[in-house]
Amino acid sequence: MTHFKVNEDDLFFILKNQLDYGRLGRLERYRELDEDTLDMTIREAAKFARGVVSPLQEIGEKWGVRFENGRVTCPPEFRRAFGMYGENGWTALSRSPEYGGQGFPRLARVVVNDLMYGACQSFNMAPSLTHGAGHLIEAFAGEDVKERYVPNMYGGRWAGTMCLTEPQAGSNLAALRTTARPENGHYQIKGGKIFISWGDHDLTENIIHLVLARIPGAPEGVKGISLFIVPKFRLNPDGSIGAFNDVTTAGVEKKLGLHASPTAALNFGDNDDCHGWLCGRENQGLAHMFQMMNAARISTGVSGLAIASTAYLNALEYSRNRVQGTDVAGRKKGFVPIIDHPDVRRMLLWMKATVDGLRSLIYTAALWDDLAHESEAEADRKKYSALVEFATPIVKAYGSDMGFRVAETAIQCLGGYGFTREYPLEQYLRDAKILSLYEGTNGIQSMDLMGRKVRMDGGLPFQAFMGEMEAFCAGAKDHPRIGRQAALLSQTSAELKETTLSLANLMAQDPVRWASVTYPMLLCFAETAVTWRLLDLATAADRQAARSSETAFLKAKVIQAAYYADTTLPLTRARLAVCRNPGDELSAMPDEGF
């Protein structure tokens, strides 16, 4: 039986009852799509995830990645699945049909990734990165370059990566040293990159690297970085695979998790024969790359959500079937399933609420992304773009953190068995840990949120995000079932807003004290936002119950929202109080004292 578990009813309730995602068909770009088509596509994706992708989890963990004689090999099943993934349209589901995409909404792609990452995170990184690299070429390269590369990438014949990190630079891209010297219509690329996910493998006949490098004479720092297309094998004039392009693999990392995903150290131009082609404009590489990086940050949050979801459902199944101990209140005779024990129920309810609320937040952000690009009115596009900007670091950081925390809690539900390889939870935990480090650590995300995002465009993203929560609270304050929790959310969001504004002033006055609370503040934003989405789900469930009858499924939506609000927001408010008055201990502590 597959490790991968998903409750499709939960997904569709958010999409249909809460977000009304069928309305996307009213946008010009999606006018040929209706809700039935979207529903069918997501159900087909779930079948593909279960039937094709999910078996790769165990296969990949057993096989791992093999690096011999400078070559990386992966399980043969991965190669077949990667080709099917592209051929079936999943790689480029939301991209333009002109280059092999399917033309579906961005929201649909996020839902599909939710399913595929839950089925096998290590595998799904490969088509996800390929999609991102192909989209960069589609967005910034010339027409002839797009035609040569993008359809092959979207179709699953070639793969793609993004190559940013260098040993001496880490996250500080201003310090990168890889060079690109102009020569006869191309550039000679020379340098080394590390931590390149799926940087080398045998899934496809070619790998297209998107590489950040400096052209001689470029400005210092991030303003002198350009973006280059560097294939593992060059292309012949007719587009067929040509000569090896002097991209060599120095090694693959031995990691805590994701054992089936090769993380490579790559050398470009060891023999001074690595050709690259400029993608976009000179010295605009980082700005171009951020398109892919922001999408990758959302995907990282989705990956955390997906792991959290299947971890919770595995723990739920075990808790229903594992008989151990007696009922603490004597309500049942004899030994009982552990789901009857209050502490297990506490963990299950927290996991359920966290997963449902996080999924709602991420799907909502994906819907905003569609509206930001496709709304007819410029004012609407600006508003939704601001909302996406603000939500991105929250989705990335909190989604990745909760993937790990929920996996940890799921293991706790199983007791000693959770620590064994007999169950998939220990692998989930190991695989999830990288997510808080990917695409800028969560500490970096928090500084982006509290620094750049709070202040950009005169505070528009911050004001727009808070305005969405405030509007919900105003409409729900008299709700008969969650009105009290809506009032608590309103009080918390008001404190959150006040604290954020006060910290904006502290940023200039005392940047060390300001930086010391950016991550706790991100947690406050995330917990407040997840509470908002859960309470909104509860109102949708209440409306559905009024139209039909209150099933256990609908009742659970209301109960989980009330529980999460009542147990989380008091802690959020306590953390806000600490953030409003950060001490100076971090500065006062001598380095030698640690």
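I began with T499, which I found in helix α13, where helices are DSSP runs of H or I of at least four residues, numbered from the N terminus. The model I am reading is predicted, and local features need pLDDT of at least 70, side-chain atom pairs count only at pLDDT 80 or more, and totals for chains, interfaces and linings use all residues. I note that residues are numbered from 1 along each chain as its sequence is written, and that side-chain values use heavy atoms, with hydrogens and water left out.

I looked up the exposure of T499: its relative accessibility is 0%, so T499 counts as buried (under 20% relative accessible area, with exposed over 50% and partly exposed in between, for a 1.4 Å probe and protein chains only). Apart from neighbours within four places in sequence, T499 is in contact with M521, L576, C579 and R580, contact meaning heavy atoms within 4.5 Å.

Next I turned to the packing of helix α13 (residues 483-509) with helix α16 (residues 552-580), whose axes are 10 Å apart at an angle of about 20°. I therefore recorded α13 and α16 as roughly parallel to each other (angles under 35 degrees). The contact includes L488, L496 and T499 of α13, and among its residues from α16 are L569, L576 and C579.

Last, I checked helix α9 (residues 342-374), whose 33 residues should span 48 Å at 1.5 Å a residue, and its end C-alpha atoms are 48 Å apart, which agrees; the expected span is 1.5 Å times one less than the number of residues. I also noted that 25 of the 33 residues of α9 are buried, so α9 is largely enclosed by the rest of the structure.

Methods: Helices (H or I, at least four residues) and strands (E, at least two) are DSSP runs, numbered from the N terminus. Axes are lines fitted to C-alpha atoms, for helices over the stretch in contact, and angles run from 0 to 180 degrees between N-to-C directions. Angles under 35 degrees count as roughly parallel, over 145 as roughly antiparallel, 65 to 115 as roughly perpendicular and the rest as oblique.
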